Amino acid sequence: MTNADVLLLAMDLAILTYVIGVLIMALPIPYTGFKRWGVRLIADGISAAVLISIFSIIITLGDLLLGNLNVSWPSFHSWLAARTAVLVAVFTALTYLTSALKATPYAFITSPINIALTYVSLALSSLKVIYFLSSLVSNLRNELAALGILLYSIPFRVGRSVGAFLIAASIVMYVGFPLMPAFIAQFQPSNLEQFRGVIRIQGKVVDFLYHRVPYPLMYFYSAEGGEEPLGVIIGDRNGTFTIGGGKDILPREFKFMTEVGFMGYYFSTEPSYISSNESTVVLRVPSLIYSPGLALLKPRDVRVEDYIECNGVLSVVLIGDEDFNDLVLARLANTTVTEVTVNDEVFSCSWNHFEWNGIDIEICEIKPNDVGAGKLNVTVKYIPTGYVKPAVDEHRITYIESVSELLLTYISLGIAYVYTFIFLPGVYVTFLVTMSAALARVFGGRARIRLI
């Protein structure tokens, strides 16, 4: 049944109400209370007919008010989506933090974190209710108004109160829900934005020629010194890695010295540290020249004059002031090297095999007495292969000095979410319901909303 059919049925009921009222007035029954009902029915029939005739005005009024207030339903839906994304991110971060701490001596910290998780879960549930109510109003606004007019038109005021409320709600709630972001913004606590300020650094590891280094093994050390790393993190196949952002417990300000493990060797980087003052960083390994399945390891002070890399050929021209100490070719065991030439002469490599974190690697050392000093042209012909991920368990950075501060932040953040996502929307929805009830009384209904 379409809205037009509902309105036609409402008109028939309005006419019936009017006719019943006229009949009551025409009956020779000298009872004031009975005659009063006749007057009421005649007025009800006329008022129902008026509402039916202005149905399109009622629908247009909501859009007109939204336009004058400079708000829209798409912007409201975007606001809901953004807040959902924030809640999901917080819930994911807290869940990850809980699982990460369970296997540590600090497992007792998971109890207050679970409290914060409960708060966030309640906020998500509240958001689902807002989604449901707002979708009901935005998608069925016309149907609600038409159904309200139909109930309003039933004789003897059987559905008058409910009908008047539905008519009023189709206007008030259709305009009111898109205004919810502005209302909540006025009372939203400032610490709600703290999670967005959690430190998150995205890094990238490149070799001397700025080629991405796949699956770099990242070691982070305290700037104050210490042999044990604070964290061990594996980058992805594109050489990128992330610290913080809910995965690590970091202090507000820090400076971590860095080291990269790759193909069985450990390299210092440029720059040599990562600090809290940056959100993105590129760590360059100046001693490494990488091509798929093959690496040339050189001293830091040896310069690269020229290089060629294509179709399984790596040719590098090196310049050093002294003998080329520690010049090493490293390959994956399944990488086939067909020829190595040094200064246009075939070099016979003696490959030594070893295993490093589940990766089979072979190396060939080019000794100083083999090549001399000055300029060196190394050319390697080989069949490229993909680099595999090292079998190492990650050890995320847990800066225990910051745990208590982080816990207080998350708990206060959870309370802020309860206030912002449950209390404030509840107050606002109650306000909309009250406004709808008040407007319903203007339409002639007697809807009363009891909050207690």
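Colleague: In which loop does Ser-153 lie?
Modeller: The model is predicted. Ser-153 lies in the loop between helix 6, residues 141–152, and helix 7, residues 160–176.

Colleague: Why does Ser-153 count as buried?
Modeller: Buried means under 20% relative accessible area. Ser-153 has 2% relative accessibility, so Ser-153 counts as buried.

Colleague: Which residues is Ser-153 in contact with, leaving aside its neighbours within four places in sequence?
Modeller: Ala-10, Leu-13, Ala-14, Thr-17, Ala-48 and Ile-52. To be called a contact, heavy atoms must be within 4.5 Å.

Colleague: Where does Tyr-96 lie, and why does Tyr-96 count as partly exposed?
Modeller: Tyr-96 lies in helix 4, which covers residues 73–102. The label partly exposed is for values between the 20% limit for buried and the 50% limit for exposed. Tyr-96 has 32% relative accessibility, and therefore counts as partly exposed.

Colleague: How far apart are Tyr-96 and Lys-247 in sequence and in space?
Modeller: In sequence, 151 residues separate Tyr-96 and Lys-247. In space, their C-alpha atoms are 6.9 Å apart.

Colleague: What share of the contacts in the chain with a separation of 6 or more is between residues 24 or more positions apart?
Modeller: That share is 71%.

Colleague: How many helices and strands are in the chain, and what part of the residues is buried?
Modeller: The chain has 10 helices and 17 strands. Of its 452 residues, 45% are buried.

Terms used
Residues numbered from 1 in each chain as written. Predicted model: local features only at pLDDT ≥ 70, side-chain atom pairs only at ≥ 80, totals over all residues. Heavy atoms only, no water. Helix = DSSP H or I, 4+ residues; strand = E, 2+ residues; numbered from the N terminus. Buried < 20%, exposed > 50% of the residue type's maximum accessible area, 1.4 Å probe, protein only.
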